[in-house]
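Welcome! Keep the 3D view open as you read.

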Amino acid sequence: MNVNLKLVLVAVLLASVCGFAANIEIWSDDMSSLDDWTVSSPDNVGLIDGNTKVQLNSWWGANGNTGYLSRGTGELIQDETEYVAIFLVDSFSDGKDITISVTDVDNGGADIATAAATLNGNGAEYTLDFSTVGTENDAVVGNEMGVYVNGGWWKNFAVDNIKIEQVPEPASMIMLGAGGIGLLARRRKS
């Protein structure tokens, strides 16, 4: 095999390893139980659909109290890491905003990343990206990561699943690709 063809194959392998590396799920909750969750009010938050979702409904409670839930994940926030939190939500009141957050449990639940998500049908996926790369979020490194969902006033929706994923760093993927190429080259010589 000529040198140019080998270089092309190496480039293709590296591109495919780096381009298709999947995020690594580090925590998830399928919302089949309210165990470990802090709930605003039993009048506003409850399991539905055969205990496969948690509904937050400020229409249920007295005076339209807001429905929220929060919990720690047990996962410590790592240095030099990128994360993505994914919230799967069903809406019963489209067009209204809810708040989704990743929090610092060790600092009283302070927000690390937060967003207003506009309710939009069933199975909508809302994501939050956050990072500890460089000096971003240095103060939270080593603390426990938490999640928070708040419907606010007069909302009706259900949380179907929440998960947090770690985004693989490009340097690791390149090293993995280079190792694979080395193994292929060694095998070829044998």
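## Salt bridges and their surroundings

Across the whole structure, a search finds 5 salt bridges. Please keep in mind that this is a predicted model.

**Around lysine 53**

- Lysine 53 makes a salt bridge with aspartate 49, and their closest N and O atoms are 3.2 Å apart.
- Aspartate 90 also forms a salt bridge with lysine 53, here with the closest N and O atoms 2.5 Å apart.
- Because aspartate 90 sits in strand β6 and lysine 53 in strand β4, this pair ties together parts that are 37 residues apart in sequence.
- Is each of these residues buried or exposed? Lysine 53 is buried, with a relative accessible area of 15%, and aspartate 90 is buried too, at 4% relative accessibility. Aspartate 49 counts as partly exposed, at 48%.

**Other charged contacts**

- Glutamate 165 and lysine 163 bring their side chains together in a salt bridge, at 3.6 Å from N to O.
- Glutamate 165 counts as buried at 12% relative accessibility, while lysine 163 counts as partly exposed at 25%.
- A network of salt bridges links Asp29, Asp36 and Arg71.
- Arginine 71 has another contact to look for: this residue lies over the face of tryptophan 37, at 5.6 Å from the ring centre.

**The open sheet**

- An open sheet is formed by 5 strands, in the order β2-β5-β10-β7-β8, with antiparallel pairing.
- Which strands stand at the edges? They are β2 (38-39) and β8 (110-118); each has a single partner strand, so one side of each is left without a neighbour in the sheet.
- Strand β7 (residues 97-104) pairs with β8 in the antiparallel sense over 8 bridges.

**Aromatic pairs**

- The structure holds 2 aromatic pairs.
- One of them joins tyrosine 68 and tyrosine 148 in a tilted arrangement, 5.8 Å from centre to centre and with 40° between the planes.
- This pair links distant parts of the chain, since tyrosine 68 belongs to strand β5 and tyrosine 148 to strand β10 (residues 144-150), 80 residues apart.
- Tyrosine 68 is partly exposed, with a relative accessible area of 28%, and tyrosine 148 is partly exposed as well, with 22%.
- Tyrosine 83 and phenylalanine 130 form a stacked pair, because their ring centres are 4.9 Å apart and their planes are at 15°.
- Here, too, distant parts of the chain are linked: tyrosine 83 is in strand β6 (residues 82-91) and phenylalanine 130 in strand β9 (residues 124-131), 47 residues apart.
- Tyrosine 83 is buried, with a relative accessible area of 2%, and phenylalanine 130 counts as buried at 6% relative accessibility.

**A nonpolar patch**

- On the surface, Trp59, Trp153 and Trp154 form a nonpolar patch, with about 350 Å² of accessible area together.
- Where is tryptophan 59 found? Look in the loop between β4 (53-57) and β5 (68-76).
- At 38% relative accessibility, tryptophan 59 counts as partly exposed.

Notes: Residues are numbered from 1 along each chain as its sequence is written. This is a predicted model: local features need pLDDT of at least 70, side-chain atom pairs count only at pLDDT 80 or more; totals for chains, interfaces and linings use all residues. Side-chain values use heavy atoms; hydrogens and water are left out. Patches are made of residues with over 30% relative accessible area and no salt bridge: like charges are joined within 9 Å, nonpolar side chains (Val, Leu, Ile, Met, Phe, Trp, Tyr) within 5 Å. Accessible areas come from the Shrake-Rupley method with a 1.4 Å probe; for residues, only the protein chains shown count as cover. A salt bridge is a side-chain nitrogen of Lys or Arg within 4 Å of a carboxyl oxygen of Asp or Glu. Helices (H or I, at least four residues) and strands (E, at least two) are DSSP runs, numbered from the N terminus. Buried means under 20% relative accessible area, exposed over 50%, partly exposed in between (1.4 Å probe, protein chains only). Rings of Phe, Tyr and Trp (its six-membered ring) pair if their centres lie within 6.5 Å; planes under 30 degrees apart count as stacked, over 60 as edge-to-face and the rest as tilted. A charge sits over a ring if NZ of Lys or CZ of Arg is within 6 Å of the ring centre and within 35 degrees of the ring normal. Two strands pair if DSSP finds at least two bridges between them.
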